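Look at the structure below before reading on. The briefing goes through the ligand and its surroundings, and then the domains.

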Amino acid sequence: MIKFLDLHKVNQRFKADFEAELGRFLDGGQYILGDYVKSFETNFADYCGTKYCIGTANGLDALTLILKSYIHLGRLAPNDEVIVPANTFIATILSVLHAGLKPVLVEPDADTYNISSKAVKEAISNDTKAIIAVHLYGQLADMNALQALSKTHDLLLIEDAAQAHGALDSSGTIAGNLSDAAAFSFYPSKNLGALGDGGAVTTNDEDLMNVLRSIHNYGSEKKYENEIIGFNSRLDDIQALFLNFKLKKLDEDNAKRRSIALRYLDEITNKKVILPTYNRTKDHVFYVFMVRVEQRDDFRDYLLQNNIESHIHYPKPPHKQNALTMFNQLRLPITEKIHDTCVSIPMSPLMTNGEIDKVIQVINAY
Ligand SMILES: Cc1ncc(COP(=O)(O)O)c(C=O)c1O
């Protein structure tokens with residue numbers, strides 16, 4: 001079976017380093033907000049080119065805490081509108097609701113599947129105070145246009161970079177450093193995935209960093225002194241320990257993902273399979289290689305019969321979810337079409353040439 005992602009193999013590479021460090025971790029006796037978290041925060045800020053990085057318990061919290069912190073700073077107020085892509089994982093939209101703000105869902109660009117800057121422009125109202133750009137599947141959103149819109153209309157711009165660790169724009173700026181603040185997820189399947197939940201915020205905004213440092217740790221900087229109504233959302237030291245090893249391999253892994261993507265793009269020639277739009281730069285890290293097929297179930301059954309796993313990112317758009325009844329009446333045809341036809345095919349930095357050959361050959365024979 002060709003796995004969608006051979007996570008066990010991906011993480012095996014760090015087993016010896018991880019086990020060697022575990023003894024020191026156990027003996028050190030500080031398991032929360034210790035030295036491993038401090039060093040990972042420094043390393044990840046350096047990697048992204050930002051002044052600050054603050055670890056959080058997961059990516060959803062990273063997004064929510066950015067918004068909550070901006071409310072605390074008076075930059076956002078309850079019920080302000082936040083423009084979000086309709087075509088995203090539900091976490092982006094949940095973060096806005098959890099912060100007591102109003103998500104405004106807009107359609108993606110039909111080619112890149114990322115939020116359409118034209119649709120964003122049309123959705124800006126007097127109540128709009130922020131935009132969240134998601135770098136979906138690992139491909140940077142149209143950040144130049146979104147930066148220009150946020151500047152013109154004095155809006156906060158936030159990146160949901162949960163799927164895009166290491167994606168670079170044409171000037172060499174990395175995801176996480178293209179906005180006021182960015183949220184990352186280290187969910188195990190991510191390009192930089194931990195051994196459980198984890199997340200982080202990157203930013204150059206010192207005021208935001210100061211509030212985040214406090215709000216993610218019970219609103220407290222000094223033990224048992226609580227200045228803000230805070231949360232318990234911290235990156236665990238054991239996850240930071242592992243991520244420090246994995247971060248060193250991230251660029252190499254992303255390059256491998258891009259090389260597999262190029263083979264898929266150049267060699268999959270079946271007209272029933274719509275391939276993604278990609279400009280062949282480093283602006284995509286292929287967390288997911290998504291194709292679109294009209295007869296999706298039939299295609300996935302066929303892949304499985306040929307021992308190829310696939311996934312759907314995502315089967316039901318957020319605005320159709322029972323949890324989000326307030327959006328159920330929205331008509332978002334581009335988003336709906338994408339969700340009805342998308343299939344993610346195997347993508348892992350450890351795929352062998354034989355496996356890549358087989359995926360291409362089986363898809364072409366469909
Ligand atoms: C686009 C996007 N945003 C946010 C999240 C939330 O991250 P987490 O699962 O770590 O809370 C995820 C990942 O699951 C995601 O893919």
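The points below cover the ligand site and then the domains of the protein chain.

This is a predicted model. Its protein chain is assigned two stretches named domain 1 and domain 2, and its ligand sits in the largest pocket.

**Residues around the ligand**
- There are 13 residues around the ligand, and those that come nearest are Gly59, Leu60, Asp160, Gln163 and Ser185.
- Sorted by class, this shell holds 6 nonpolar residues, 5 polar residues and 2 charged residues.

**Polar contacts and burial**
- Leucine 60 takes part through its backbone, where an N or O atom lies 2.9 Å from an oxygen atom of the ligand.
- Glutamine 163 takes part through its side chain, with an N or O atom 2.8 Å from an oxygen atom of the ligand.
- Lysine 190 also has a side-chain N or O atom by the ligand, at 3.3 Å from an oxygen atom.
- The ligand taken alone exposes 390 Å², and the protein buries 91% of that area.

**Domains**
- Domain 1 is made of residues 7–105 and 115–247, while domain 2 is made of residues 250–364.
- Between the C-alpha centres of domain 1 and domain 2 the distance is 25 Å.
- Where the domains meet, 30 residues of domain 1 are in contact with 32 residues of domain 2.

Conventions. Residues are numbered from 1 along each chain as its sequence is written. This is a predicted model: local features need pLDDT of at least 70, side-chain atom pairs count only at pLDDT 80 or more; totals for chains, interfaces and linings use all residues. Side-chain values use heavy atoms; hydrogens and water are left out. A residue is near a molecule or strand if one of its heavy atoms lies within 4 Å of it. A polar contact is a pair of N or O atoms within 3.5 Å; within protein, one must be able to donate a hydrogen and the other to accept it, and residues adjacent in sequence count only if both atoms are side-chain atoms. Accessible areas come from the Shrake-Rupley method with a 1.4 Å probe; for residues, only the protein chains shown count as cover. On a 1 Å grid over the protein atoms alone, a cavity is a set of points where a 1.4 Å probe fits but cannot get out, and a pocket is an open set with protein on both sides within 12 Å along at least five of seven lines; lining residues have an atom within 4 Å of a point. A molecule sits in a cavity or pocket if more than half of its atoms lie within 2 Å of its grid points. Ala, Val, Leu, Ile, Met, Phe, Trp, Tyr, Cys and Pro count as nonpolar, Asp, Glu, Lys and Arg as charged, and the others, Gly among them, as polar. Domain bounds come from an automatic or database domain assignment. Contact means heavy atoms within 4.5 Å.
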